[in-house]
Amino acid sequence: MVVQSAQLMALKTASIDLHQTVASETNKTPKFRTVLNRLDKTLTSIQPVLRETSRLSKVLDRPEHETETFINHLEDGKKAVSECSTVQFWYAPKKSAHVNKLIHLDHELLRFFCAELQDNINTNMRTQTEIRALGRKMDRVLSTIAKQPSGLSSSCSVPELPDFIVGFDIHLKELIRVLLKDANQVVTVSAPGGCGKTTLAKMLCHDNEIKGIFGDNIVYVTVSRTTSLKTIVQKIFTHHLRVNDCEFETDEEAKNQLKNALSQMGSEKILLVLDDVWCESQSIIQDLKFPIPGYKILVTSRFLFPSVGSTYELGLLNDEDARTLLNHSAFTCGANQIIVPDDLIIKMVKSCKGFPLALTVVGASLRGQDESTWRTTLNKWSEGQTIFNSNSQLLDSLQASVDALEPLPIARECFLDLGSFPEDEKIVASALMDIWVGLYNLDMEGMYAIEYLLELSSRNLLNLNISRSDASEIEGYCNEHYVTQHDLLRELAIHLSSQEPIPQRKRLFIEIHANITPAWWIEQAQQPISARLLSVTTGETFSCNWNDLNAPKVEVLILNPRGKNYTLPHFIKTMNKLKALNITSYGIYPSELHELTFISFLSNLKSIRLEHVSLSPLIQSICGLKNLQKLSFIICKIGNAFVDFSTMPPNLMELEFDGCYDLKQVPASICNLERLKKLTITNCHELEALPKGLGSLSNLEILRLHSCTRLVKLPESIGDLHNLVFLDISDCLSLNSLPDQIGELKVLTVLKISGCHGLEELPASVTKLSLLEDVICDEETSYLWRYYESDLCDVKINVVEDDRLANFMKIVG
């Protein structure tokens, strides 16, 4: 009895001291306020038990050593609480370990007093197993930043390998031998299109022996047909040598500067890969040859360049490897497999003549098809005809894969539209969707467009690359997905779109090299064309002297400039049916747009996408477009374009700024867009604040603020967004608090909040988010939400891995 009395007094004293220390530290440090507040709540709940001796005696009705252990735990907890103000908050592992201690203390209090607190806490008790699991998770949180990997830049880094490769091992060994042993500085891998030259080059760059020799000095540049020497050298300086703001007046200057830079690398060995070099670019290879020891150049080309070095002629797949590749593409693993007779498979392999691309694409088009479809496909090719003697014959054979899309006519049209973009360039998926929405009356949300994108990808007619693993399909956000396409498939799209005479074509692709306008354009300037889609690609030296063009039926216009200055063609003023305008600059620097007022004539325009261009205040001329529903500024140089932007197109439903690196202020006039449903402001690292009146966007459903790294706070008016369903503030590194009004977002369903490392606590109002279903956060932020799980019982907390390296690069770059 005496022992129990002593323990009773010791327990009371330790509990009261701990409670006082918690209260003191809560006022002194905001860094642990959320966890301390919850601890204070728990200690307050046990005060009635401590005041009533009879109830406390029931609590102490357990082995003596267990009570002593708990009292010691309270004393250790008091010490941990008193140390809160000394923890270096920037050092995440230590902060996380300290949070872990406090969480463990809180749950020990609940466990020890649970018998007397059943009415308040028993429904949310955690077991010791859960606590230990929580501790193990905390130990793994936020490792220190690792060494930056080589090839971080996508522009000159080695692309990833395909998922399945067959028949190239012998070629790889032989090519490595030739490259390392041959006296020639340049080795060209030569073969017709579709043979796997690029795949072999990628395999060589990923080979351990090659990486051991050249290390980080493997530079991979896709040349394409129109790339100049200056452009290649600028890419190397900017994306591999990490020299910003380099600009060369002439090819000779670029050549000399690169030679000097490579010479200064001393004894380091260097491998330059020039992928997909065309015959007219042979001089570029010659210009990049420098007498530097250990410097090698690997070229892939459809052409032979015997005068610049050695040639490795890549052969076709043998029958065994060809069959393996066809089977992999045509047959999926699992039950209910379609049975196709061996003789048909052998004939198909023979017809494809060992071309990897043909085997892959044809196999995908026959996936899941019955025997009769295989026979029909073979019958489309004449018996005994050699169909791969030249590229044109290969195109004819691949046409069967496109013909297989006939049950899905819009999918076939979508494939043909891919000829609208320059060779060897990434195509942002959302740009494709804007086009397809305009041409085929698909929904503005892009959901049906996504289906066609996935369909073409499943048939290997394009490659769909998903950049962010947590990008949600249901939100329809595809700015971080992009499409690439083999040159031969692009040629196929152009070939199939060019069967009719020019005036009768449904889509018209125009490429202007230098200032040489196609002869038909000059001859038929006054004759109207019937095209619904018009794509015009111009080079770096184009002088913007446009000929007349009578194109009254064009609904989608795609302009692909490369030069630093670009004047919009005057003939767009007469395109009365134009629904979608896409202007994307593919030069090293943003193209400065002139004659922007021409856009104001396009009264039926529904979407405008401007990418990698430099704007001027004349962009304000679009504000009178009453039918405009979507406006996108992607990687644009904003300058002073929005200084006096007092109005916006009145019926906008979607507005986005992505990667606009100098966007410091969003026009306050966006707050007047009563019909706006989606607002995206992402990767805008200079943006520090949002308009105070943002809450007036009464119909806003989706708000994305991902990776606005200098954004300090959200406007208080955000609570007025009563239709907001989706909010993304992930990687807003400077965001240090959420407004109390966030709890007014009554229909908020999804919240992305990972990477908000400045966030120290959550407002208590988050408990009012009654419809919240998914919180997507990093492990550190998840602990702030764990305390509200009892109040938000339907919320699923999805923990994603925090990429500290990526966040670091956002801060410094």
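Q: A crossing counts as left-handed if the near helix is turned anticlockwise from the far one by less than a right angle, and as right-handed if clockwise; which of these is it where H8 passes H9?
A: This is a predicted model, and in it H8 passes H9 in a right-handed crossing.

Q: Where are those two helices, and what angle do they cross at?
A: Helix H8 covers residues 169–181 and helix H9 covers residues 197–206, and their axes come within 10 Å of each other, crossing at roughly 65°. Since angles of 65 to 115 degrees count as roughly perpendicular, H8 is therefore described as roughly perpendicular to H9.

Q: OK, and helix H4, how many residues does it have?
A: Helix H4 runs over residues 64–82, which gives it 19 residues, and from its first C-alpha to its last it reaches 28 Å, a span close to the 27 Å expected at 1.5 Å a residue.

Q: Which residues of H4 are buried?
A: The buried residues of H4 are Thr-67, Phe-70, Ile-71 and Leu-74, together with Gly-77, Ala-80 and Val-81.

Q: Switching topic: how many disulfides are there?
A: The count comes to zero disulfides, where a pair would need its cysteine sulfur atoms within 2.5 Å.

Q: What about the cysteines themselves, say Cys-279: buried or exposed, or in between?
A: Cys-279 is partly exposed, as its relative accessible area is 40%, whereas Cys-671 is buried, with a value of 11%.

Q: And salt bridges, how many of those?
A: There are 19 salt bridges in the structure. As background, side chains of opposite charge can pair when their charged atoms come close.

Q: Which residue does Lys-255 pair with?
A: Lys-255 forms a salt bridge with Asp-287, and their closest N and O atoms lie 3.9 Å apart. This pair links distant parts of the chain, because Lys-255 sits in helix H12 (residues 251–263) and Asp-287 in helix H13 (residues 282–287), 32 residues apart. Both partners are partly exposed, Lys-255 at 21% relative accessible area and Asp-287 at 26%.

Q: What about Asp-319, which side chain does it meet?
A: The side chain of Asp-319 meets that of Lys-350 in a salt bridge, at 2.8 Å from N to O. Here too distant parts of the chain are linked, with Asp-319 in helix H14 (residues 319–330) and Lys-350 in helix H15 (residues 342–352), 31 residues apart. Asp-319 is partly exposed at 43% relative accessibility, and Lys-350 is partly exposed at 45%.

Q: Where do Glu-686 and Arg-710 lie?
A: Glu-686 and Arg-710 form a salt bridge, with their closest N and O atoms 3.3 Å apart. Glu-686 is in the loop between strand E19 (678–682) and strand E20 (702–704), while Arg-710 is in the loop between E20 and strand E21 (726–728), so the pair ties together parts that are 24 residues apart in sequence. Glu-686 is partly exposed at 23%, and Arg-710 is partly exposed at 40%.

Q: Last one: where is Ser-782 found, and is Ser-782 buried or exposed?
A: Ser-782 is found in helix H24, residues 779–786, and counts as buried because its relative accessible area is 1%, which is under 20%. Ser-782 and Asn-798 are 16 residues apart in sequence, and their C-alpha atoms are 8.3 Å apart in space.

Conventions: Residues numbered from 1 in each chain as written. Predicted model: local features only at pLDDT ≥ 70, side-chain atom pairs only at ≥ 80, totals over all residues. Heavy atoms only, no water. Buried < 20%, exposed > 50% of the residue type's maximum accessible area, 1.4 Å probe, protein only. Salt bridge = Lys/Arg side-chain N within 4 Å of Asp/Glu carboxyl O. Helix = DSSP H or I, 4+ residues; strand = E, 2+ residues; numbered from the N terminus. Expected span 1.5 Å × (residues − 1). Axes fitted to C-alpha atoms, helices over the stretch in contact; angles between N-to-C directions. Parallel < 35°, antiparallel > 145°, perpendicular 65-115°, else oblique. Left-handed = near helix turned anticlockwise from the far one by under 90°.
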